[in-house]
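Colleague: Please take me through the packing inside this model, slowly and in one go. I would like a close look at that part and its surroundings.

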Amino acid sequence: MFACSEKQDLSPGETSKLVVESFYNKDNESLKKYTTPEGYEGFKSIQDLITAGKSGDSNFKVLQETKNGDTAWVRFTTSYEENPELFKLLMENGQWKVTRQGEREKGPF
């Protein structure tokens, strides 16, 4: 029943919040749902190292969000990290998914 009422047209910011919270709560099923395969593997490879000792409310706040076609960028803050973070998202099958940034790729902010 929950899956039927789940919002399907999430914004890049809403998707980013779900990824952050599922990453820190180790909800890997949700993490996989809202990331590309490359993004998921990247998160999984650092999850245990990054999430140690961090829990509670994320206090997720979007600072900037921009879309250009099937690519979006979201700069945000959380209670888990001191500095703002940046996610790149791609539109796949009508849903925004967080993906891995290229090594020298910089966002628009």
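Modeller: Here is the core, then the helices, the rings and a few loop details. The model is predicted, so local features need pLDDT of at least 70 and side-chain atom pairs pLDDT 80 or more, while totals for chains, interfaces and linings use all residues. Residues are numbered from 1 along each chain as its sequence is written, and side-chain values use heavy atoms, without hydrogens and water.

Start with the largest nonpolar core, which has 18 residues. Such a core is a set of buried Ala, Val, Leu, Ile, Met, Phe, Trp, Tyr and Cys residues joined through side-chain atoms within 4.5 Å. Buried means under 20% relative accessible area, exposed over 50%, and partly exposed in between (1.4 Å probe, protein chains only). Val19, Val20, Phe43, Phe87 and Leu89 have the most contacts inside this core. At least two core residues come from each of helix 2 (12–24), helix 4 (37–51), strand 2 (71–78), strand 3 (81–92) and strand 4 (95–99). Helices (H or I, at least four residues) and strands (E, at least two) are DSSP runs, numbered from the N terminus. Helix 2 gives the most to the core, with four residues.

Now zoom in on Phe87. Beyond its neighbours within four places in sequence, Phe87 is in contact (heavy atoms within 4.5 Å) with Ser16, Val19, Val20, Phe43, Ala72, Trp73, Val74, Phe76 and Val98.

Next, the two helices. The axes of helix 2 and helix 4 come within 9 Å and cross at roughly 60°. Axes are lines fitted to C-alpha atoms, for helices over the stretch in contact, with angles from 0 to 180 degrees between N-to-C directions. Helix 2 and helix 4 are therefore oblique to each other. Under 35 degrees counts as roughly parallel, over 145 as roughly antiparallel, 65 to 115 as roughly perpendicular, and the rest as oblique. Helix 2 makes the contact through Val19, Ser22, Phe23 and Tyr24, and helix 4 through Phe43, Ile46, Gln47, Ile50 and Thr51. By class, that contact has six nonpolar, three polar and no charged residues. Here Ala, Val, Leu, Ile, Met, Phe, Trp, Tyr, Cys and Pro count as nonpolar, Asp, Glu, Lys and Arg as charged, and the others, Gly among them, as polar.

Then the rings. The whole structure holds six aromatic pairs. Rings of Phe, Tyr and Trp (its six-membered ring) pair if their centres lie within 6.5 Å; planes under 30 degrees apart are stacked, over 60 edge-to-face, and the rest tilted. Phe23 and Tyr24 form an edge-to-face pair, 5.0 Å centre to centre with 90° between the planes. Phe23 is buried at 4% relative accessible area, and Tyr24 is buried at 8%. Phe43 and Phe87 have ring centres 5.7 Å apart and planes at 80°, so this pair is edge-to-face. Phe43 lies in helix 4 and Phe87 in strand 3, so the pair ties together parts 44 residues apart in sequence. Phe43 and Phe87 are both buried. Ring pairs link Phe23, Tyr24, Phe43, Phe60, Phe76, Tyr80 and Phe87 into a cluster.

Finally, some details elsewhere. Lys26 sits in the loop between helix 2 and helix 3 (28–33). Lys26 is not a glycine, yet its phi is positive, about 55°. Lys26 is partly exposed, at 42% relative accessibility. Asn59, in the loop between helix 4 and strand 1 (61–68), also is not a glycine and has a positive phi near 50°. Pro37 is in helix 4 and counts as exposed, at 55% relative accessibility. Pro37 and Lys97 are 60 residues apart in sequence and 9.6 Å apart in space, C-alpha to C-alpha.
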